[in-house]
Amino acid sequence: MSTDDSNELPIVSERIFTDLQADLEEPEATLRFLLNYLEMWDGRFTRLSAAVSAGNKERAMDAVLSVRTSARMIGALRLAQVATDIERHLLGGDTRGAALLLEDLEFCGRATMQELRRRFLPRFDPDRTADRQKKPHAPDPGHEPNDWLRRADSLLAGLSSSAKWEPRLG
């Protein structure tokens, strides 16, 4: 399957995310994994684009494998497919071809982060633990319930305002 065919894949697989939740067992662990994934996207993309732009195939392979593997783990199937296409170019020694796919990867990555936030973050409510349901809980000063959602919104705003990557070919 190529990048052209990746649009047929779901942006995020419900089944894979549900399996991840089951493997992690604790809702808090799944939430931390999801928030870490969202937070790390920009750095992963930047590392890959810098390595490809510099023509550093070893670093580019390391970065694209990180993107592909983590995307598969969380169920980001389209993103994993675009990363696989970049990996194929790199394995074939075609750094220019890999560079041409980085814009697709960036676009797909942003859409994936938005979809993960929209579909999966609302499932987690850190204020609904058994202990807190039994007795009222007063929030700590300066900490509001669902502060994690504001942190996620801030993170996503930063991702969408990132500078546009431009390949240096040649």
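Biologist: Where is Met73 found?

Modeller: When placing a residue, begin with its element: Met73 is found in helix 4, which covers residues 57-74. Please keep in mind that this is a predicted model, so every value we discuss is computed from it.

Biologist: Is Met73 buried, partly exposed or exposed?

Modeller: The general idea is to look at the relative accessible area, where buried means under 20% and exposed means over 50%, with partly exposed in between. Met73 has a relative accessible area of 42%, and therefore it counts as partly exposed.

Biologist: Which residues does Met73 touch, not counting residues up to four places away in sequence?

Modeller: Leaving out those sequence neighbours, Met73 touches Ile16, Leu20 and Phe33.

Biologist: What does Thr95 touch, not counting residues up to four places away in sequence?

Modeller: With those neighbours set aside, the contacts of Thr95 are Val52, Gly55 and Lys57. Thr95 lies in helix 6, which spans residues 95-120, and with a relative accessible area of 17% Thr95 is buried.

Biologist: How many helices and strands does the protein have?

Modeller: For a whole chain, one counts the elements and then reads their order. Here the secondary structure comes to 8 helices and 0 strands, and the pattern along the sequence is α-α-α-α-α-α-α-α. Of the 170 residues in the protein, 39% are buried. Contacts can be summarised as well: among those between residues at least 6 apart in sequence, 73% join residues at least 24 apart.

Biologist: How many salt bridges are there, and which residue forms one with Glu87?

Modeller: The general idea is to look for a side-chain nitrogen of Lys or Arg within 4 Å of a carboxyl oxygen of Asp or Glu. The count comes to 9 salt bridges. Glu87 forms a salt bridge with Arg68, and the closest N and O atoms of this pair are 2.8 Å apart. This pair links distant parts of the chain, since Glu87 is in helix 5 (residues 77-91) and Arg68 is in helix 4, 19 residues apart.

Biologist: Why does Glu87 count as buried, and why does Arg68?

Modeller: Glu87 counts as buried because its relative accessibility is 12%, and Arg68 is buried because its relative accessible area is 16%; under 20% is the cut-off that matters here.

Biologist: Where do Arg88 and Asp85 lie?

Modeller: Both Arg88 and Asp85 lie in helix 5, 3 residues apart, which is about one turn of the helix. Their side chains meet in a salt bridge, at 3.1 Å from N to O. Arg88 counts as partly exposed, at 47% relative accessibility, whereas Asp85 counts as buried, at 6%.

Biologist: Which residues are linked with Glu115 in a network of salt bridges?

Modeller: The network of salt bridges links Glu14, Glu115, Arg118, Arg119 and Arg123. Within it, Glu115 forms a salt bridge with Arg118, the closest N and O atoms being 2.8 Å apart. Glu115 and Arg118 are separated by about one helical turn, because they are 3 residues apart in helix 6. Glu115 is buried, with a relative accessible area of 16%, but Arg118 is exposed, with 52%.

Biologist: Which residues gather in a patch of negative charge on the surface?

Modeller: That surface patch of negative charge brings together Asp23, Glu25, Glu26 and Glu28. One of these residues, Glu28, lies in helix 3 (residues 27-53), and Glu28 is partly exposed, with a relative accessible area of 37%.

Note on methods. Residues numbered from 1 in each chain as written. Predicted model: local features only at pLDDT ≥ 70, side-chain atom pairs only at ≥ 80, totals over all residues. Heavy atoms only, no water. Helix = DSSP H or I, 4+ residues; strand = E, 2+ residues; numbered from the N terminus. Buried < 20%, exposed > 50% of the residue type's maximum accessible area, 1.4 Å probe, protein only. Contact = heavy atoms within 4.5 Å. Patch = residues over 30% accessible without salt bridge, like charges linked within 9 Å, V, L, I, M, F, W, Y side chains within 5 Å. Areas by Shrake-Rupley, 256 points an atom, 1.4 Å probe, with all protein chains shown as cover. Lys, Arg positive; Asp, Glu negative; His and termini not counted. Charge placed at Lys NZ, Arg CZ, Asp CG, Glu CD.
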